[in-house]
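Here is a short briefing to read alongside the model. Take a look at the sequence and the structure, and then we can walk through them together.

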Amino acid sequence: MKESLMEIVCCPMDKHDLELDADERDDGEIISGTLTCTDCGESYPIEDGIPNLLPPDMRDGA
Amino acid sequence: MPTATPFEERTAQYEAWFDDNEAAYRAELAALRRLVPSPGDGLEIGVGSARFAAPLGIGVGVDPAAAMLDIARERGVDVVRGVAESLPFGDGTFDTALLVTTICFVDDIPRTLAEAARVLGPDGRLVIGYIDKESPVGARYLEKQSDSPFYREATFVSTEGLVDALEDAGFSEFEFVQTLYDWPGEADGGEPIEPGYGEGSFVAIEATR
């Protein structure tokens, strides 16, 4: 994902801002990392460059 | 979220529909372009592989199916994995929200429309393209529903039902276009785009507040 996407994404549950913790970047894109809600603390993974902002109970394996 | 599964597992079959039914796809795209000549900051909800978002200039797409998003990204759309009922975007972010043959797959239509309204600015427009179950060809889709891995779990809507749900979500102004008067495989490229609804199997509504 592009870092500019941070301006529009939010927590799908309470709609508060997310904080980015990037693990791997490539050519300006964030390949892996975590997005954490600044209010409820739920964390959402960035998988293969795509932020997974499904509600936590719909995530794979949940 | 049961309806995401065929879209994860059958991306090739999904993509092949657009190639096998190119005249129908072109007609649907032309109908949507009539309502969305320029999207501004656009979001497609249920973006799939971005067959509509990319040519219409919609910059951002959200979908629960990761396999579809891999293709959408290659078509130049910024993608986010998520569901229509719990959109991961801030209030008033977009000028245009688009839902194309997606409303029949969502779990909760009222929540989907409320979320679309929330992420639109006050002058934003919601455009919904769908198979109208009360059109002649829409009725055939209902009969053949169990034959398709995609449509098996779909809940088709009528235009009146959708307008009622849009009014409940706060929309008050509506414009309609329709196309596809033959079965998609029989469309020959001469499918006109007409205002209104009731004849065409593919209807698009532009809803504003």
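How many salt bridges are there between chain B and chain A? The count is 3. Please keep in mind that this is a predicted model. Over all chains, the structure holds 14 salt bridges.

**Where the two chains meet**

- Chain B and chain A bury about 1600 Å² between them, and 63% of that area is on carbon and sulfur atoms.
- On the chain B side, the residues that lose the most area to chain A are Asp78(B), Arg81(B) and Pro88(B), which together account for 36% of what that side buries.
- Chain B brings 21 residues to the contact, and chain A brings 18 residues.
- Between the two chains there are 9 residue pairs in polar contact, counting pairs with both residues at pLDDT 80 or more.
- Three elements of chain B give two or more residues to the side that touches chain A: α5 (66–74), β3 (78–81) and α6 (109–119).
- Of the elements of chain B, β3(B) gives the most to this side, with 4 residues.

**Salt bridges between the chains**

- Lys2(A) and Asp78(B) meet through their side chains in a salt bridge, at 3.1 Å from N to O.
- This pair joins two chains, because Lys2(A) lies in the segment before β1 (18–26) of chain A and Asp78(B) lies in strand β3 of chain B.
- Lys2(A) counts as partly exposed, at 35% relative accessibility.
- Another salt bridge is formed by the side chains of Glu47(A) and Arg81(B), at 3.9 Å from N to O.

**Salt bridges within a chain**

- In chain A, Arg59(A) forms a salt bridge with Glu42(A), and their closest N and O atoms are 3.4 Å apart.
- Arg59(A) lies in the segment after β4 (50–51) and Glu42(A) in the loop between β2 (29–37) and β3 (43–47) of chain A, so the pair ties together parts that are 17 residues apart in sequence.
- Arg59(A) is buried, with a relative accessible area of 18%, whereas Glu42(A) counts as partly exposed at 27%.
- In chain B, Glu15(B) forms a salt bridge with Arg51(B), with the closest N and O atoms 3.2 Å apart.
- That pair links distant parts of the chain, 36 residues apart: Glu15(B) is in helix α2, and Arg51(B) is in the loop between β1 (42–45) and α4 of chain B.
- Glu15(B) counts as buried at 12% relative accessibility, and Arg51(B) counts as buried at 12%.

**A network of shared partners**

- Lys15(A), Asp91(B), Glu115(B) and Arg118(B) are joined into one network by salt bridges that share partners.

**Inside chain B**

- Helix α3 of chain B covers residues 22–35, and its 14 residues reach 20 Å from the first C-alpha to the last, close to the 20 Å expected.
- Its buried residues include Ala27(B), Glu28(B) and Ala31(B).
- The buried residues of α3(B) pack against several elements of chain B, among them α2 (11–20), β4 (94–100) and β6 (173–179).
- Thr179(B) has its place in strand β6 and is buried, with a relative accessible area of 0%.
- Beyond four places in sequence, the residues that Thr179(B) touches include Ala27(B), Glu28(B) and Ala31(B).
- Phe7(B) sits in helix α1 (residues 5–9) of chain B and is buried, with a relative accessible area of 13%.
- Phe7(B) and Met68(B) are 61 residues apart in sequence but 7.0 Å apart in space, C-alpha to C-alpha.

Conventions
Residues are numbered from 1 along each chain as its sequence is written. Chains are lettered from A and ligands numbered from 1 in the order in which they are written. This is a predicted model: local features need pLDDT of at least 70, side-chain atom pairs count only at pLDDT 80 or more; totals for chains, interfaces and linings use all residues. Side-chain values use heavy atoms; hydrogens and water are left out. The expected span of a helix is 1.5 Å times one less than its number of residues. Buried means under 20% relative accessible area, exposed over 50%, partly exposed in between (1.4 Å probe, protein chains only). Contact means heavy atoms within 4.5 Å. Buried area is the accessible area (1.4 Å probe) that two parts lose on being put together, summed over both. A salt bridge is a side-chain nitrogen of Lys or Arg within 4 Å of a carboxyl oxygen of Asp or Glu. A polar contact is a pair of N or O atoms within 3.5 Å; within protein, one must be able to donate a hydrogen and the other to accept it, and residues adjacent in sequence count only if both atoms are side-chain atoms.
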